[in-house]
Amino acid sequence: MSLIGFQTALGRTVRARTTAGAAYGDLDLTPDEQRSLQRVIESEGFRATMNIQRSWCEARAASGAQLTLSALPREQRRRLVKEWVDGGGGTNSFFAAEAKAFLEFIEPRLAVPSHALSLCRLEQAVLRAEAVAMGFAAPDPTALDDPAATLRRGRHAALVGLLAEPEALLAAVQNQCPLPALAACERFLLVAPGAHGLARLAEAPDIALWQSLGEPWTVARLLRRHDRDSIETLWREGAIEAA
Amino acid sequence: MRALGIGLPFFEGLPPAIYRDGTVDFVEITPEVLCRERRGGTLELMPERVARARDICGQLPTVVHGVELSIGSAHGCNAAYLDMLDRFQESWPFLWHSEHLGFQTIGEDAHSLATGVPLPMPATLEAAELVAERGAAIQRRYGVPFLLENAAHYLPSLPTDPDIGDEAGLMNAICERGRCWHLLDLHNVWCNAVNHHHDPYAAIDRMRLDRVREIHIAGGSWQEGFWMDAHDSRVPDTVWQLLEYTLPRTPHVGGVVFEVLEEHVPRLGAELIAGELARAREVWDRCRAETSCH
């Protein structure tokens, strides 16, 4: 049996988590080779290998969405992870790439509104900020002295609304306590690569400035509505940047 | 090349003292844990994490133990890993470089798909030649010894060629053809002996022990009727006995590393890990002394 034939058959079968042999029916294998493969695939050892693969995939997925999954009932959590892994997810051994893909998968499957959805958006925002946080250096604020300079929302920043006091919600999730009731108004967290711990409570001036920058604005135009200190704070944190 | 002694993988979660107080003689770095994956599959080293690891490890000699190369994949091994390792070597030189003998990607429509778990190589001439050629190229690329680790696996009846024979024959053929070295994982030998019902000492006796450069010891656990290579516990007595048997027979061995998975480090604790390292040192010192007397 060719090496590529053996590996394709075995790899596909592990990924498909089947012992039926259907995963390699299109490969050019002799009847002897097919029987040889079938002996491997029908063994207890192959079942154990598939179970290891499944548990690793589930663990990889779950570790990337800990907050979101913790806010869900156990059965829904199990079903989402299973659906993701059944579809071939969980095989990427790099945390950020796996987490990003899994969070994108579960986001449209979460109730609107819900704490789980808010936390899913928060975890996605933290991943984006984290991706550049280590190399992030606060930019020089003198760039804001140019009134014609155009600013926009930071590409690695986000304003995430939570339907509860953030501290209370995060503590409930982390301690596996009952979640607070959904509040009528959102409390916002600003997530940015230069923010201490990547996220902080957003104050009213932060929120107003973020909302103004739905499209790029010049510094001169921003200063007509917002104070320089607020602009400079978000600029230093990477929450806003040059367009 | 000088023998280093007792080594430990780098774990951020352990007290840094374990890397500084003489408990270990060298550190085994898995560079992928200091990386993130960028769009398109490139691996980017995170300089701050590399700097922190170097700070913790101080002046300890360093060896690399990779997990993402997939050296046995017939469709091609992970070029992004090697590109990353080029950059890693520039910033943090290492004495040797090891990887796992196996494959964890398959090619589909010009894409590389991860299997999600490492899978074993068949003991065939084609497999031996492919890996030997790649191993030789890697050894030239980095200018340091390249080692391959024998795998633990649970699959019976893998394809074999008469000229190769079995897993020991496959490793021997690769080391001979590619001038590579062997990272002899004794816990993996033990796993395969238990799960495939053969004698681990006979397996070791069939290996080219003059090509062994590093030895791994680790613990495991029973699951589904198999002894799993779980790296979740102390080294079993049977593996200590294998170490006692093997060390005097490996004239070029440079070190023994106690492996444990990072997720189990908090539960096992620094004290237990230091205890296993102390026991490894006792065996190392005794066996090395016996070897030098003979």
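Put together, chain A and chain B bury about 3100 Å² between them, and carbon and sulfur atoms give 67% of that area. Buried area here is the accessible area (1.4 Å probe) that the two parts lose on being put together, summed over both. On the chain A side, A:Leu3, A:Phe94 and A:Met134 supply 23% of what that chain buries against chain B, more than any other three residues. This is a predicted model, in which local features need pLDDT of at least 70 and side-chain atom pairs count only at pLDDT 80 or more, while totals for chains, interfaces and linings use all residues. Residues are numbered from 1 along each chain as its sequence is written, chains are lettered from A in the order in which they are written, and side-chain values use heavy atoms, with hydrogens and water left out.

As for who touches whom, 35 residues of chain A are in contact with 39 residues of chain B, contact meaning heavy atoms within 4.5 Å. Across this interface the rule finds one salt bridge, that is, a side-chain nitrogen of Lys or Arg within 4 Å of a carboxyl oxygen of Asp or Glu. A:Arg12 forms a salt bridge with B:Glu108, with the closest N and O atoms 2.4 Å apart.

Helices (DSSP runs of H or I, at least four residues, numbered from the N terminus) come in next. Helix 1 (3–16), helix 3 (44–63) and helix 7 (115–133) of chain A are the elements that give two or more residues to the side touching chain B. Helix 3 of chain A gives the most, with 12 residues.
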